[in-house]
Amino acid sequence: MKSNPVTSPPTRPSELVDLAREAGADDAACVPVDAPSLGEEAEHIRALLPEAKSVISIVVAMNREQLNAPARSLANLEFHHAGEEINAICRRLALVLCKRGHRALAPAMGFPMEVQHFPDRIWSVAHKTVAVAAGMGHMGLHRSVIHPKLGSSILLGTVVTDIELDPDGVGVPLEGNPCFQCKLCVPACPVGAISPDGAFHFTACLTHNYRDFMGGFADWAEGLASSRSALAFRRKSPTHEQVSIWQSLSFGANYKAAYCMAVCPAGEDVISPFLGDKRGWRDRYLRPIEQRVEPVYVLPGSDAEAHVAKRYPHKPLRRVSSHLHPRSIGGFLDGLDLAFQPGQSRGIDARFHFRFTGCTGTDGTETIDATVEIRDGALVVQRGHLGDPDLAVTADARTWLAFLAKEVSILRALLTRKVRPRGRLSLLPAFGRCFPL
Ligand code: B12
Ligand code: SF4
């Protein structure tokens, strides 16, 4: 039986921070679950622990020298060790709190995740959102959280608990962002996932960096299953790629890049050598990454493919699939902005109306209408039909999802009238080009 924490007085946040440090954290802060800065994340936190009242953000610093080494085996070793360490710290802290009569749990820093939801949200808690809300840092241009002192080379964890916090000393978002817009992370990324204007190209990063993970692995496995012979498979996927998969399965999945984190000079403990010799920093940390000859994984016809061909012609291009096939029309519509390729949308100035019939809703089948506008390299997706369309598409939901998963050809879908376009038909393939999967 648990003791009744409701009767106990609110806990001082500093007490929890001390416990987190004793458990091994390099920094920590707590924030109530109903803090406005947590936004919708509160729902996900309460889904894990309905009694949750607070979250403790845990920060662990990594060895920057190890991350900065161009050899990715060194960086991956550091990611794996630091990841295990943060899981152990969060587990230890949660156990201490449980022994004191509270409820506490520690979601994974990375994997395992709720992969049955793939490609929708599979993580239990967004550690970045918690860390930012608790004042542990802000997301930089590269979209990782930068700690004001430790910099970018940190991993994050979260402990969820039913402890009521004394408001005095709870974490609040930092006033300034440690990212000072040096933009070194932009050229460091081989697939152009980080735009100088702050946009983050999710599918570019995922397809390359996570080649041995999740959808990348599924694509590799399908390549194996669909090959006529061993030789045909070897032609499709050279032997070093099978060895990479073996290594990832044996020793923990390995990232292909993470260079954005490696080159970042932000953070009090990191910045001095950069400010002292900016050119020297570039030569030491950016140049070897740029010059590295390494396979780069891209979606065919993506902005990433064009970027590698233009910026890094010495890096061999490997055209693969991300296997981010949506499983529902809601997932398709929500995922459009993650998959959108501004470069491929050049020249398109159009409004699309979609009507999906036979969608599985909570109370039976239903129809979903949506308007998609693509203009000036930007995308706007809205529910319902707005304005006059240049192309209107009515589609059976199951057929549309099967088409996106390459299980049904568009020709067959058109011939069977499961997909019925009306208007400027040339816009249909143009639309497809903007969203390679
Ligand atoms: C999803 C995820 C990814 C995705 C998306 C990256 C991203 N910027 O969010 C991919 C697979 C590309 C990725 C890559 C990496 N990741 Co990661 N990742 C996560 C994860 C599981 C959730 C991130 C999250 O909170 N997203 C939602 C919001 C808060 O973040 P966002 O930036 O606004 O959202 C972007 C994407 O997540 C995506 N997105 C938003 N909503 C949704 C919904 C769905 C369904 C999907 C699929 C995507 C998606 O679009 C947004 C912008 O394009 C966390 C672990 C966790 N449980 O929190 C680690 C985490 C963010 N990753 C981490 C790391 C270290 C990395 C890598 C460096 C890995 C590596 N070693 O190479 C790279 C860096 C890439 C980069 N520049 O961001 C660390 C970051 C630490 C820090 N200092 O901030 C975390 C916190 C893990 C940890 N416990 O420390 N990651
Ligand atoms: S490398 Fe420069 S621009 Fe990129 S996140 Fe770090 S400080 Fe910001």
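Where is the place of Pro119? In this predicted model, Pro119 sits in the loop between S3 and H5. A cis peptide bond joins Phe118 to Pro119, with omega at about 5 degrees. The loop between S3 and H5 also holds Pro112. The bond between Phe111 and Pro112 is likewise a cis peptide bond, and its omega is about 5 degrees.

I turn next to the domains. The domain assignment divides the chain into domain 1 (5-161), domain 2 (185-319) and domain 3 (329-433). Between the C-alpha centres of domain 1 and domain 2 the distance is 26 Å. In the contact between these two, 24 residues of domain 1 meet 24 residues of domain 2. On the domain 1 side, helix H3 (64-68) and H4 are the elements that give two or more residues. The largest share of that side, five residues, comes from H4. Sorted by class, the side of domain 1 that touches domain 2 has ten nonpolar, ten polar and four charged residues.

Helix H4 covers residues 72-99 and also lies across S2, S3 and strand S6 (154-161), running at about 20 degrees to S6. These strands belong to an open sheet of four, ordered S1-S2-S6-S3, with antiparallel pairing. Its edge strands, S1 (27-32) and S3 (104-105), each pair on one side only. S1 and strand S2 (residues 54-61) run antiparallel and are joined by six bridges. Within that pair, Val31 stands opposite Val55 in S2.

Now to the ligands. In total, 32 residues surround ligand 1, and the closest are Trp123, Ala126, Ser144, Val145 and Ala258. The elements that give two or more residues to this shell are helix H5 (127-134), S6, H7 and helix H11 (259-263). H7 provides the largest share, four residues. By class, the shell around ligand 1 has 21 nonpolar, seven polar and four charged residues.

The shell around ligand 2 has 14 residues, of which Gly140, Cys179, Cys182, Cys185 and Cys264 come nearest. It consists of nine nonpolar residues, four polar and one charged. Domain 1 (5-161) and domain 2 (185-319) each give at least three residues to the shell around ligand 2.

Thr203 is found in H7, which spans residues 202-209. From Thr203 to Met62 the separation is 141 residues in sequence and 26 Å in space, C-alpha to C-alpha.

His323 lies in the loop between strand S8 (317-319) and helix H15 (329-339). Its phi is near 60 degrees, a positive value in a residue other than glycine. Met214, in helix H8 (residues 214-225), is not a glycine either, yet has a positive phi of about 35 degrees. His323 is buried, with 20 other C-beta atoms within 10 Å. Met214 is buried with 20 other C-beta atoms within 10 Å.

How values were computed:
Residues are numbered from 1 along each chain as its sequence is written. Chains are lettered from A and ligands numbered from 1 in the order in which they are written. This is a predicted model: local features need pLDDT of at least 70, side-chain atom pairs count only at pLDDT 80 or more; totals for chains, interfaces and linings use all residues. A residue is near a molecule or strand if its C-beta atom, placed from the backbone, lies within 6 Å of it. Ala, Val, Leu, Ile, Met, Phe, Trp, Tyr, Cys and Pro count as nonpolar, Asp, Glu, Lys and Arg as charged, and the others, Gly among them, as polar. Domain bounds come from an automatic or database domain assignment. Two strands pair if DSSP finds at least two bridges between them. Two residues are in contact if their C-beta atoms, placed from the backbone, lie within 7 Å. Axes are lines fitted to C-alpha atoms, for helices over the stretch in contact, and angles run from 0 to 180 degrees between N-to-C directions. A residue is buried if 20 or more other C-beta atoms lie within 10 Å of its own, exposed if 12 or fewer, and partly exposed in between; C-beta atoms are placed from the backbone.
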